[in-house]
Amino acid sequence: MKKTGRLSTLGVIVAIGSVLLTAGTADAAPAKWAKHDQAAAQFRKAGITSSSSGGCSDWNKKTCTSFTNINKATVSGAIAFKKVSRCKVVITGGTERGHAAGTYSHRNGYKVDMSVTTCLNKYITGKAGKFTYAGKRKGDGAKMYKSPAGNVYAREGSHWDVTYYNSKA
């Protein structure tokens with residue numbers, strides 16, 4: 001029987017540990033604000049307001065604007081955007097029903113809708129924000145702009161449909 005030295009045994013342990021760690025690193029679910037009021041409080045502290053056509057925050061009603069189960073990175077990203085753009089931000093869509101489905105959807109907490117303002121338009125489409133034109137979105141033809149952080153802002157008529165992949169502006 002062949003003897004193994006201490007170094008080879010350590011090498012085997014490291015290799016096994018590496019395999020175990022790699023096997024358990026599937027994409028974790030993003031951190032969420034479970035309740036609307038929790039996320040709304042973060043927005044309010046940052047000077048971001050919200051509005052809904054139904055005057056409500058029930059995430060099961062499409063006329064409401066809800067932040068229930070919104071990703072913490074989405075909230076942080078919108079706050080970071082407000083700080084760097086210095087624009088007034090009014091959120092008109094969150095996680096409520098009525099939006100398109102998909103992995104990076106409103107319902108899954110990745111998106112918010114922001115009211116169109118001259119300030120937002122200039123910041124997103126002009127030189128100030130250093131966003132790059134990313135083409136037209138399939139399906140609705142909305143013009144898309146990618147932020148330096150990789151988030152996507154799509155102009156949908158009366159609002160900007162914003163997908164936050166991270167918590168940066």
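R137 is buried in this predicted model, with a relative accessible area of 18%, and this residue takes part in salt bridges with D140 and with E156.

**Salt bridges**
- The closest N and O atoms of E156 and R137 are 2.3 Å apart; because E156 lies in strand 8 and R137 in the loop between strand 6 and strand 7, the pair ties together parts that are 19 residues apart in sequence.
- In the salt bridge of D140 with R137 the closest N and O atoms are 2.7 Å apart, and D140, at 45% relative accessibility, counts as partly exposed, as does E156 at 26%.
- D161 forms a salt bridge with K111, with 2.7 Å between the closest N and O atoms; since D161 belongs to strand 9 and K111 to strand 5, this pair ties together parts that are 50 residues apart in sequence.
- D161 counts as buried at 3% relative accessibility, and K111 counts as buried at 14%.

- Seven strands form an open sheet of mixed pairing in the order 2-4-5-9-8-7-6, with strand 2 (49-50) and strand 6 (132-136) as the edge strands, each pairing on one side only.
- Strand 2 runs parallel to strand 4 (residues 90-93) and is joined to that strand by two bridges, with T49 standing opposite V90.

**Helix packing**
- Helix 3 (residues 72-85) and helix 4 pack at an angle of about 90°, their axes 11 Å apart, which makes helix 3 roughly perpendicular to helix 4.
- F81, V84 and S85 in helix 3 meet C119, L120, Y123 and I124 in helix 4, and the residues of this contact divide into six nonpolar, one polar and no charged.

Methods:
Residues numbered from 1 in each chain as written. Predicted model: local features only at pLDDT ≥ 70, side-chain atom pairs only at ≥ 80, totals over all residues. Heavy atoms only, no water. Pairing = 2+ DSSP bridges. Helix = DSSP H or I, 4+ residues; strand = E, 2+ residues; numbered from the N terminus. Axes fitted to C-alpha atoms, helices over the stretch in contact; angles between N-to-C directions. Parallel < 35°, antiparallel > 145°, perpendicular 65-115°, else oblique. Contact = heavy atoms within 4.5 Å. Nonpolar A, V, L, I, M, F, W, Y, C, P; charged D, E, K, R; others polar. Salt bridge = Lys/Arg side-chain N within 4 Å of Asp/Glu carboxyl O. Buried < 20%, exposed > 50% of the residue type's maximum accessible area, 1.4 Å probe, protein only.
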